[in-house]
Amino acid sequence: MNLVRVAVETATSAKIAVLMLPGIGVKDDLRRAAGMGAQLARIATHCTEADIAEQHIALGEGTGHGGGGVPDDVPHDRAGGAA
């Protein structure tokens with residue numbers, strides 16, 4: 001988390017983002033990153049684990065992190081059905 005803090009203190013025009021891998025990172029990590037000034041959270045998950053990632057995405061939105069994204073390995077028109 002020190003890297004997030006230093007990046008927020010140093011950045012003059014960039015938004016600082018964090019990448020969350022559910023199961024490796026926990027919801028408290030997202031809360032800490034938001035508290036340090038991170039402005040965007042990306043939740044990395046496979047479409048078959050969308051039910052688990054949903055709680056992390058909701059927390060990211062609730063802490064002011066932007067959300068969203070479409071899986072790279074699923075065509076955009078099928079992304080919703082894949083989960």
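**Figure 1. Salt bridge D29–R32 in helix α2.** D29 and R32 form a salt bridge in which the closest N and O atoms lie 3.5 Å apart. The structure shown is a predicted model. The two residues are 3 positions apart in helix α2, so about one helical turn separates D29 from R32. D29 is partly exposed, with a relative accessible area of 23%. R32 also counts as partly exposed, at 44% relative accessibility.

**Figure 2. Salt bridge D28–R31 in helix α2.** The salt bridge between D28 and R31 has its closest N and O atoms 2.6 Å apart. D28 and R31 are 3 residues apart in helix α2, which means that about one helical turn lies between them. D28 is partly exposed at 47% relative accessibility, and R31 is partly exposed with a relative accessible area of 41%. In total, the structure holds 3 salt bridges.

**Figure 3. Salt bridge R5–E9 in helix α1.** R5 and E9 are joined by a salt bridge, with 3.5 Å between the closest N and O atoms. Their positions in helix α1 are 4 residues apart, so the separation is about one helical turn. Is E9 buried or exposed? E9 has a relative accessible area of 56% and is exposed, because the cut-off for that class is over 50%. R5, at 34%, is partly exposed. Helix α1 spans residues 2-10 and has a mean pLDDT of 93, the highest among the elements of the protein.

**Figure 4. A38 in the loop between α2 and β2.** A38 is located in the loop that connects α2 and β2. The relative accessible area of A38 is 8%; A38 is therefore buried, the cut-off being under 20%. A38 and R5 are 33 residues apart along the chain, and their C-alpha atoms are separated by 8.2 Å. A38 is also one of the residues of the largest nonpolar core.

**Figure 5. The largest nonpolar core.** Which residues make up the largest nonpolar core? This core has 8 residues in all: V4, V18, M20, L30, A33, A38, A41 and L59. At least two of the core residues come from β1, and at least two from α2. Over the whole protein, buried residues account for 20% of the 83 residues.

Figure 6. L40 belongs to strand β2, which covers residues 40-43. The C-alpha atoms of L40 and A17 are 4.4 Å apart, while 23 residues separate the two along the chain. With a relative accessible area of 28%, L40 is partly exposed.

**Figure 7. Nonpolar surface patch at L19, L21 and I24.** L19, L21 and I24 make a nonpolar surface patch of about 330 Å². L21 is placed in the loop between β1 (17-20) and α2 (27-36). The relative accessible area of L21 is 37%, and L21 is partly exposed. The protein as a whole exposes about 5,600 Å², of which carbon and sulfur atoms supply 53%.

Figure 8. Over residues 68-76, pLDDT stays under 50. How many contacts beyond four places in sequence does the model have for residues 68-76? The model has 9 such contacts for residues 68-76. Helix α4, residues 79-82, has a mean pLDDT of 50, the lowest among the elements of the protein. Where pLDDT is low, the predicted coordinates should not be read in detail. For the protein overall, the mean pLDDT is 76, and 71% of the residues reach 70 or more.

**Figure 9. Overview of the chain.** The protein contains 4 helices and 2 strands. Along the sequence, these elements follow the pattern α-β-α-β-α-α. Of the contacts between residues at least 6 apart in sequence, 61% join residues at least 24 apart.

Conventions: Residues numbered from 1 in each chain as written. Predicted model: local features only at pLDDT ≥ 70, side-chain atom pairs only at ≥ 80, totals over all residues. Heavy atoms only, no water. Patch = residues over 30% accessible without salt bridge, like charges linked within 9 Å, V, L, I, M, F, W, Y side chains within 5 Å. Areas by Shrake-Rupley, 256 points an atom, 1.4 Å probe, with all protein chains shown as cover. Salt bridge = Lys/Arg side-chain N within 4 Å of Asp/Glu carboxyl O. Buried < 20%, exposed > 50% of the residue type's maximum accessible area, 1.4 Å probe, protein only. Core = buried A, V, L, I, M, F, W, Y, C linked by side-chain atoms within 4.5 Å. pLDDT = per-residue confidence, 0-100. Contact = heavy atoms within 4.5 Å.
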